[in-house]
Each structure stands twice: as structure tokens, then as C-alpha cells.
Amino acid sequence: MNGYRLSAPMEVDASAYDACVQCCGKSDGITKTGQRAIPWYTVAVDPDVIPLGTKVYVPAFGRVFEAQDIGGKIRGRRMDFFLPDHESAVSFGRRPVRVFLLAGPEAKLPGTANGTMVWAQTRSQR
Ligand SMILES: [Zn+2]
């Protein structure tokens, strides 16, 4: 994590998906940002809450993901992790996961003050 600053930890409601038609309605594996989704790296977020391109550190997985995709049901404090196959995605289920947003020297995160993430209001809270 050298060179990065971590946000305060935050709990998100996590689920998983893969590139199959069942999960995506298409199977080309191309994300909203136009990149090919990478298993255990691509994560779908609500871009109103987390800007696309943000790096997301997930200690439980020991990995850093990048916010590269969005989803119709991914709103507010939801994250959808891209996994290699449908079986993995289904067995992942839905669970709370603690994440940190990474801010590099150049990175700008909205709603942050002194390294503390302030969540934008989600639609359901309005
Ligand atoms: Zn699937």
C-alpha cells in the first residue's frame, strides 16, 4: 500500500458476478468503462458514491480492486465483485465486506475530509 492513502474503513453490501448472460444479460465481459472485466480486480459500484477508476482495497480478499463497472441494482453502499465464473459468483452470495478506498498522491475522492470518507446519500435515503 506504499504511496497510497486509505480512507476510513467502510462496510459495503457485497455480491459477485461473472461475464455470463445470466449475470449480465450479455457475455462479452466488457465493463461500463469499456475495459474487459478482470476477475478479482473489477468491481461494480454506484458511480454516484464511488467514481469509476477508484481503487478499492479489500482486506478480506487481500486484493485491490478497481471500480470499473456499474449495475442497475448496484446503488448506494453496494459492491459487485467480478469473479471468473458463475459458480464462484453464486457461491459468493451476498455478505457485508469491509473495504477501504485508496487515494494516491494524484487521486481525488469526493466527500473525503482528512482521509475520512463521507458517504453520499443513497437514493433510498432521500
Ligand atoms: Zn454468471
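**Burial.** I started with burial: 29% of the 126 residues in the chain are buried. By that I mean 20 or more other C-beta atoms within 10 Å of the residue's own, with 12 or fewer called exposed, anything in between partly exposed, and C-beta atoms placed from the backbone.

**Ground rules.** This is a predicted model, where local features need pLDDT of at least 70, side-chain atom pairs count only at pLDDT 80 or more, and totals for chains, interfaces and linings use all residues. Residues are numbered from 1 along each chain as its sequence is written.

**Layout.** I looked up the elements next and found two helices and nine strands. Their order from the N terminus is β-β-α-β-β-β-β-α-β-β-β. Both kinds are DSSP runs numbered from the N terminus, helices being H or I with at least four residues and strands being E with at least two.

**Contacts.** I then checked contacts, meaning C-beta atoms, placed from the backbone, within 7 Å of each other. Among those in the chain with a separation of 6 or more, 72% link residues 24 or more positions apart.

**Strand 6.** Why is strand 6 largely enclosed by the rest of the structure? Four of its five residues (residues 78-82) are buried. I looked up its pairing too, which takes at least two DSSP bridges between two strands. Strand 2 (residues 10-17) runs parallel to strand 6, with five bridges joining them; Ser15 sits opposite Asp80 of strand 6. Strand 3 (residues 42-44) pairs with strand 6 in the antiparallel sense, over two bridges, and here Val43 has Phe81 as its bridge partner.

**Core.** A nonpolar core here is a set of buried Ala, Val, Leu, Ile, Met, Phe, Trp, Tyr and Cys residues joined through C-beta atoms within 7 Å. The largest one holds 24 residues, and those touching the most other members are Val43, Val45, Val56, Met79, Phe81 and Phe82. Two or more residues of this core come from each of strand 2, strand 3, strand 5 (63-69), strand 6 and strand 7 (95-103).

**Two loop residues.** Thr54 is in the loop between strand 3 and strand 4 (55-58). It counts as buried because it has 22 C-beta neighbours inside 10 Å. I also noted Ala103, 49 residues from Thr54 in sequence but 7.9 Å away, C-alpha to C-alpha.

Trp40 lies in the loop between helix 1 (21-24) and strand 3. Trp40 has 17 C-beta neighbours inside 10 Å, so I logged it as partly exposed.

How values were computed. Two residues are in contact if their C-beta atoms, placed from the backbone, lie within 7 Å.
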